[in-house]
Amino acid sequence: MSFLESKVARLFLSLYRAATLRGAVEKAAQSVHADLLPGLEAWTAVPIDVDEVAKTRRMVVGPVLSSETCAEGRLQPTRDGFVFSVRADSHEHRRRFSIAHEIGHTLFYEHGEGGPRHRLGLLSKAELKAEEYICNLFAGALLVPAVVLQRLVPDAPVWTATNLMRFAERLRSTFRVSRSVLMNRVADVFSGHPPRVVIEFRYIENTRTKQDPKLRAVGSTGLGPARGRYWVWANRTPAGMNLDSVNRMFTVQMEHSPSFCARGYVSTFPSQRE
Ligand SMILES: [Zn+2]
């Protein structure tokens with residue numbers, strides 16, 4: 001079954017009367033900002049107050065999830081709405097994303113006398129996966145509204161690697177999202193970007209063996225024509241990708257500013273003369 005053939009995807013397209021999943025996701029994200037005046041969407045206040053949006057979706061905060069669970073969030077329908085939980089040890093950006101993702105799940109419910117009911121009832125594994133995917137897209141679109149991103153970047157910036165990084169780091173704090181969420185939204189909203197892959201590295205242990213700390217890829221985003229066609233497996237080291245320059249720059253940076261390195265390290269390629 002292709003993803004777009006899933007019942008969940010077809011339901012989502014029909015709910016938001018859109019021809020494409022991306023179109024439906026943007027419409028869904030706008031629809032939950034209930035107090036927005038039509039035409040003024042681009043002036044939506046950011047960072048988005050996800051806790052407020054959750055309240056308008058009849059979601060109340062439940063007990064936090066322990067760090068032992070692998071789930072980032074959980075949503076439970078009740079008679080009056082929903083109880084949602086997020087992990088106690090989540091970073092603020094992650095917590096915001098988890099809440100936005102759970103808000104996405106509420107879109108698949110309808111409210112009846114006995115409380116909210118999933119519009120499709122019990123779902124198969126493949127359908128559940130499809131819903132998860134849509135909720136992730138929705139969370140990005142809710143936290144980084146396309147119209148606001150376009151307003152903040154009115155003229156197509158010169159997309160050199162340095163400009164892209166500067167622009168992304170600034171907007172990341174404006175929207176209070178992780179680098180990967182911001183980059184994915186840049187990729188979605190500015191599809192005319194020249195082909196490039198942005199890889200985020202961190203100095204961490206091997207995620208499988210829990211040993212051997214090294215600079216390792218934690219995420220990647222393809223921009224422009226590279227969108228969806230090129231990515232990097234998490235955990236890989238720059239040496240494993242023949243990106244020796246990244247290792248060399250990291251060593252220099254480590255000597256000068258260890259605290260910067262602890263926060264993370266970002267590089268793009270193909271490298272570009274600027
Ligand atoms: Zn989920």
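User: Where is D212 found?

Analyst: D212 is found in the loop between strand 6 (196-204) and strand 7 (214-223). Bear in mind that this is a predicted model.

User: What makes the backbone of D212 worth a remark?

Analyst: Most residues other than glycine have a negative phi. D212 is not a glycine, yet its phi is positive, about 60 degrees.

User: Which class does R58 fall in, and why?

Analyst: R58 has 16 C-beta neighbours inside 10 Å. The cut-offs are 20 or more for buried and 12 or fewer for exposed, with partly exposed in between. The count for R58 lies between them, so R58 is partly exposed. R58 is found in the loop between helix 3 and strand 1, and it too has a positive phi of about 60 degrees without being a glycine.

User: How do you know that the peptide bond from V46 to P47 is cis?

Analyst: Its omega is near 0 degrees, and the bond is cis. Most peptide bonds are trans. P47 is found in the loop between helix 2 (21-31) and helix 3 (50-56).

User: What about strand 2 and strand 3?

Analyst: Strand 2 and strand 3 pair over five bridges, in the antiparallel sense. For example, L75 has F84 of strand 3 as its bridge partner. A hairpin of four residues joins strand 2 to strand 3.

User: Why are strand 1 and strand 2 said to stand at the edges?

Analyst: The three strands form an open sheet in the order 1-3-2, with mixed pairing. Strand 1 (59-61) and strand 2 (73-77) each have a single partner strand, so one side of each has no neighbour in the sheet. From one strand to the next, the twist averages 30 degrees.

User: Why is strand 3 described as largely enclosed?

Analyst: Four of its five residues are buried, so strand 3 is largely enclosed by the rest of the structure.

Technical notes:
Residues numbered from 1 in each chain as written. Predicted model: local features only at pLDDT ≥ 70, side-chain atom pairs only at ≥ 80, totals over all residues. Pairing = 2+ DSSP bridges. Helix = DSSP H or I, 4+ residues; strand = E, 2+ residues; numbered from the N terminus. Axes fitted to C-alpha atoms, helices over the stretch in contact; angles between N-to-C directions.
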